[in-house]
Amino acid sequence: MKRTERLHALSEMLRRNGSRGCSADRLAREFDVSVRTVKRDLAALERSGAPLWSRPGPGGGYGLAVGASLPPVSLSPAQAVALLAAVSAAPDAPYADLASAGIQKILDVLDPRTRARADELAGRVWVNAPPSSSRAIRSALEEAMAEQRVIRLRYTAADGTTTTRDVEPVLFASTNGQWYLVGWCQLRNVMRWFTVSRIERASVTKAACNGHTLQEVGEPPANARPVHARGE
């Protein structure tokens with residue numbers, strides 16, 4: 001499990017345990033890491049703004065402050081199913097697994113009547129999504145983008161040429177049913193579009209990106225837009 005995924009899962013476990021909290025030893029066993037790693041992760045969550053509390057001594061541990069969980073959410077059954085359908089139809093989309101977890105969190109706090117109606121309506125929506133690419137590769141790409149770290153790719157181009165190259169990720173883009181990683185290729189010293197399905201191997205390096213911007217990618221297609229525009 002990548003660190004970004006573990007941080008999300010860690011916060012979810014603390015949320016589910018409510019006021020009982022969890023000891024560092026239990027969290028370490030749950031995620032198969034050392035207690036030292038868990039404490040570093042907890043510190044990272046706290047720096048990101050998560051309202052953590054800690055209780056020392058026997059029976060102590062860590063938890064999320066009261067009110068940190070989602071309050072009751074007002075969604076119609078159709079709105080809830082729309083979220084489910086969108087994620088189910090796009091398993092290759094960046095952060096799709098985290099989106100699924102987020103939607104589940106929303107469903108968990110719907111009132112029972114709305115949840116039952118959403119469950120019934122969801123059974124009337126079928127999705128025939130294409131097989132998704134390697135989870136390990138997608139996790140590496142997502143981590144590199146979120147942390148702005150250089151990623152090392154083994155990539156086979158359309159002409160069959162296979163190369164290993166270091167790439168500074170700038171954005172994810174979807175067009176004509178394909179997902180692309182767009183980034184600065186250190187091998188060619190140019191901005192390149194890499195088809196995600198052609199990436200055979202990916203590993204996040206410790207090197208930080210050099211700050212290449214969206215403007216360097218060039219003008220987007222006329223019908224392209226961010227998944228969420230600031231201020232909207």
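## Where domain 2 meets domain 3

The centres of domain 2 and domain 3, taken over C-alpha atoms, are 29 Å apart. Seven residues from domain 2 and seven residues from domain 3 make the contact. This is a predicted model.

| Domain | Residues |
|---|---|
| domain 1 | 3-64 |
| domain 2 | 77-123 |
| domain 3 | 135-217 |

How much area is buried between domain 2 and domain 3? The figure is about 650 Å². Carbon and sulfur atoms give 56% of that area. On the domain 2 side, Asp92, Pro94 and Tyr95 supply 69% of the area buried against domain 3. No other three residues of domain 2 supply more.

Now for the charges. Two salt bridges cross the interface of domain 2 and domain 3. In a salt bridge between the side chains of arginine 135 and aspartate 97, the N to O distance is 2.3 Å. Three residue pairs are in polar contact across the interface of domain 2 and domain 3. The side of domain 2 that touches domain 3 has five nonpolar and two charged residues, but no polar ones.

Aromatic rings come next. The count comes to three aromatic pairs. How do the rings of tyrosine 95 and phenylalanine 172 sit, stacked or edge-to-face? Their planes stand at 80°, so the pair is edge-to-face, with ring centres 6.2 Å apart. This pair links distant parts of the chain, 77 residues apart. Tyrosine 95 lies in the loop between helix H4 (77-88) and helix H5 (96-108). Phenylalanine 172 lies in strand S4 (residues 162-175).

Note on methods:
Residues are numbered from 1 along each chain as its sequence is written. This is a predicted model: local features need pLDDT of at least 70, side-chain atom pairs count only at pLDDT 80 or more; totals for chains, interfaces and linings use all residues. Side-chain values use heavy atoms; hydrogens and water are left out. Domain bounds come from an automatic or database domain assignment. Contact means heavy atoms within 4.5 Å. Buried area is the accessible area (1.4 Å probe) that two parts lose on being put together, summed over both. A salt bridge is a side-chain nitrogen of Lys or Arg within 4 Å of a carboxyl oxygen of Asp or Glu. A polar contact is a pair of N or O atoms within 3.5 Å; within protein, one must be able to donate a hydrogen and the other to accept it, and residues adjacent in sequence count only if both atoms are side-chain atoms. Ala, Val, Leu, Ile, Met, Phe, Trp, Tyr, Cys and Pro count as nonpolar, Asp, Glu, Lys and Arg as charged, and the others, Gly among them, as polar. Rings of Phe, Tyr and Trp (its six-membered ring) pair if their centres lie within 6.5 Å; planes under 30 degrees apart count as stacked, over 60 as edge-to-face and the rest as tilted. Helices (H or I, at least four residues) and strands (E, at least two) are DSSP runs, numbered from the N terminus.
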